[in-house]
Amino acid sequence: MKMSVLIFLSIFLTRCQEVERIGLNFNKWSASVGGCEDVIFFESDGSYVFYQCEMGDSTFGTYELNNDTLILFHTYSSYDREFASDSRHKSKRNVYEFRLELERLKPLRKGEYYEDSRIEYSSHIFDKNYYFTPSLD
């Protein structure tokens, strides 16, 4: 019994340190784009809000952290409720992968995920100057 508690505490503390190390817990990261600022807000419960300034839209979802790779699973958009459930205008279930490099979140690739857990990645290439840094405010 004591050994299983120690193992649990070890795993739990390692996970907390990992989240704290990269500063995602209750944090805001921003990126300059086209004269405005994209912002991602991370919550401790594994959810996020991603505000895309050029579109004036916020997307919501969950995130996973695996070593230096962050994966955002887009669930819905702030505009989705304005469209019928079968509308082509509703946002797709996108997935975004980022790599943490020297206090920067650099987008790696994006794709669409499906209910059967399949992900199809696009050929989209991100601008090399587009990356997120922690915001102090």
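This is a predicted model: local features need pLDDT of at least 70, side-chain atom pairs count only at pLDDT 80 or more; totals for chains, interfaces and linings use all residues.

Residues are numbered from 1 along each chain as its sequence is written, and side-chain values use heavy atoms, with hydrogens and water left out.

The largest pocket has a volume of about 530 Å³. A pocket here is an open set of points on a 1 Å grid over the protein atoms alone, where a 1.4 Å probe fits, with protein on both sides within 12 Å along at least five of seven lines; lining residues have an atom within 4 Å of a point. The volume is the space filled by probe spheres set on the points, which are joined across faces, edges and corners. The lining comprises 25 residues, and Gln52, Met55, Tyr96, Lys110 and Phe126 lie nearest the centre. Strand 7 gives the most to this lining, with four residues; strands are DSSP runs of E, at least two residues, numbered from the N terminus.

Gln52 belongs to strand 3. Gln52 counts as buried because its relative accessibility is 16%, buried meaning under 20% relative accessible area, exposed over 50% and partly exposed in between (1.4 Å probe, protein chains only).

The structure holds one disulfide, defined as a pair of cysteine sulfur atoms within 2.5 Å. Cys36 and Cys53 form it, with their sulfur atoms 2.0 Å apart. Cys36, at 26% relative accessibility, is partly exposed, whereas Cys53, at 14%, is buried.
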